[in-house]
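Subject: Structure for you to look at

Hello,

Here is the structure I promised to hand over. Please open it alongside this note.

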Amino acid sequence: MSSRVALCLNSSFLGYFAHAGFLRALLALGVRPAAVSGASAGALVAGLFAAGIAPDEMLQLFVSPELRKVFREPGAPWRGFATILNLPGHTGAISGERAAALLREKLGTSRIEDCTAPRLALSVTNLSDARSEAVKSGPLAELILASGAFPGIFASRPVEDRWFWDGGVANALPFDHWIDDPEIDTILLHIVANPQELAVRQGGRPRRMSHAVNLSHQIICDELLRLKTDLARRAGKKLVVLRTLSPRPTLWNPAKVGAGCVEIGAATVEQNRSTLSELAS
């Protein structure tokens, strides 16, 4: 185990294929982080890995019919319409119960604090306490789902008397909890981006409301990353920031694009082999 290295995986809408490919190649290189964290899609990969599930097994899950059924809940169109109308009690089209059942099938009753090799933290938006946080304890399956509960698509998720939404809303790269951690010297950030995300940065007048909202969110995330990066470096941490530009897989036929995304994620490791080899121990 690379005992002083922590790995953070960003939210990256449906970026779990590229994250899994990156992680598989990283492990093959001999870099096994002592701590991992993630938001949304990154939380799914980080959480499964911390629970002892290898990247190849994750990838089988990502292309399975069971995962696709998660997005086909009965009543989802009505709940989506009620969400658009802002009706009380409706915060998303998908309740998440099918997703929760699938994760519990894989993870049972495991808790985040049970994950010690590597240690785990998941980014969530805590609606009950009105804050963003990197949770280090609680039911693993439920908090992975909470971290990936994209607003409007998934309803807010109840976990142990609190309500949560997607961790990528406010902390798409959750690594600030390691800044004061004396057991971590190096923080490795894997950032998956897709062409749609990059397109909103091209400047000019936004032509759609969705464009303006996406760009505003990107600006917020960029500013937070700048501030956290500065704090980490002032604290003496070594930051290794690697980016993977990957197509966005579809929900309905993930295998078609997903395999390519896996290879693209792995290629990021190969392209940075000399830097990453220094982290192996």
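Helices here are DSSP runs of H or I of at least four residues, strands are E runs of at least two, and both are numbered from the N terminus.

This is a predicted model: local features need pLDDT of at least 70, side-chain atom pairs count only at pLDDT 80 or more, and totals for chains, interfaces and linings use all residues. Residues are numbered from 1 along each chain as its sequence is written, and side-chain values use heavy atoms, without hydrogens and water.

Now the pockets. A pocket is an open set of points on a 1 Å grid over the protein atoms alone, where a 1.4 Å probe fits, with protein on both sides within 12 Å along at least five of seven lines; lining residues have an atom within 4 Å of a point.

The largest pocket has a volume of about 1100 Å³. Of its 38 lining residues, S11, E197, H217, Q218 and C221 are the closest to its centre. Helix 9 gives the largest share of that lining, 11 residues.

The second largest pocket holds about 470 Å³. It has 24 lining residues, and L14, Y16, F71, G148 and F154 are the closest to its centre. Helix 6 gives the most to this lining, with 3 residues.

Best wishes

Key:
Points joined across faces, edges and corners; volume = space filled by probe spheres on them.
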